[in-house]
Amino acid sequence: PAEMAAKILVMGASGSGKSSLLQRYVEDKFDEGDCTYASEFHKDSVDAHDQQVELQIYHKTDVSSVEMENVVGIVFVFDVTSQESFDALAPLVEAMNTKLKPTLSAAICCNKVEDDNKDDRVITFMACKDVYSAQIPVFETSAKSGKNVKTVFNNLKMLCVEDIPEPPKAAKKKKGCTIS
């Protein structure tokens with residue numbers, strides 16, 4: 001059993017595909033239509049400091065509703081067919097830099113990259129990389145097809161191990177005898 005818990009946040013504008021990405025990662029399925037993942041967070045785990053550490057993966061639209069303690073990673077999500085969704089990243093990234101540490105493990109998902117929506121895309125992968133890649137790795141993802149979903153989460157899990165605090169050392173009991 002995990003002795004400590006760490007958090008990964010999945011953040012982006014409403015409709016960007018956060019819940020669908022999380023559902024694809026957790027259950028390897030995709031539901032057409034409006035999807036809101038039922039649970040507040042998904043539990044996962046990672047090995048850190050020679051023990052299993054529970055990861056709680058939350059999906060949120062804004063930073064103000066998030067308890068920042070134990071946040072070790074963040075996935076920013078935007079919909080490539082929505083300029084507003086892309087524009088919503090800037091304040092989220094800024095909040096990460098001010099409320100959390102700027103070196104926090106992170107990734108950006110250019111989401112809803114489908115073979116059949118090339119004409120609908122308003123933000124390209126390269127445009128996103130031009131804005132953010134010096135700061136945060138950028139991935140094209142699709143919750144619908146599963147493209148790069150496991151890659152993003154698995155890479156982030158490995159990166160965030162560095163930010164998981166080492167548990168305090170247990171006090172060693174002295175061996176000896178007791179005289180009464």
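## Two spots in the loops

Asp-50 sits in the loop between β2 and β3. This is a predicted model, so everything below is read off predicted coordinates.

Asp-50 has a phi near 60°, a positive value in a residue that isn't glycine. His-49 belongs to the loop between β2 (41-48) and β3 (51-60), and its phi is near 55°, again positive without being a glycine. How exposed is each of them? His-49 is partly exposed, at a relative accessible area of 32%, while Asp-50 is exposed, at 86%. Asp-50 counts as exposed because its 86% is over the 50% cut-off. Here's the pair laid out:

| Residue | Phi | Relative accessible area |
|---|---|---|
| His-49 | near 55° | 32%, partly exposed |
| Asp-50 | near 60° | 86%, exposed |

Now for the other loop. Glu-114 lies between β5 (105-111) and α4 (125-132). Glu-114 is buried, yet it has no salt bridge. Which side chain of opposite charge is nearest to Glu-114? That's Lys-144, and it is 5.5 Å away.

What does the side chain of Glu-114 make a polar contact with? The partner is the side chain of Ser-142, at 2.7 Å. Setting aside neighbours within four places in sequence, Glu-114 is in contact with Arg-121, Ser-142, Lys-144 and Ser-145.

Definitions and conventions
Residues are numbered from 1 along each chain as its sequence is written. This is a predicted model: local features need pLDDT of at least 70, side-chain atom pairs count only at pLDDT 80 or more; totals for chains, interfaces and linings use all residues. Side-chain values use heavy atoms; hydrogens and water are left out. Helices (H or I, at least four residues) and strands (E, at least two) are DSSP runs, numbered from the N terminus. Buried means under 20% relative accessible area, exposed over 50%, partly exposed in between (1.4 Å probe, protein chains only). Lys and Arg count as positive and Asp and Glu as negative; His and the chain ends are not counted. A salt bridge is a side-chain nitrogen of Lys or Arg within 4 Å of a carboxyl oxygen of Asp or Glu. A polar contact is a pair of N or O atoms within 3.5 Å; within protein, one must be able to donate a hydrogen and the other to accept it, and residues adjacent in sequence count only if both atoms are side-chain atoms. Contact means heavy atoms within 4.5 Å.
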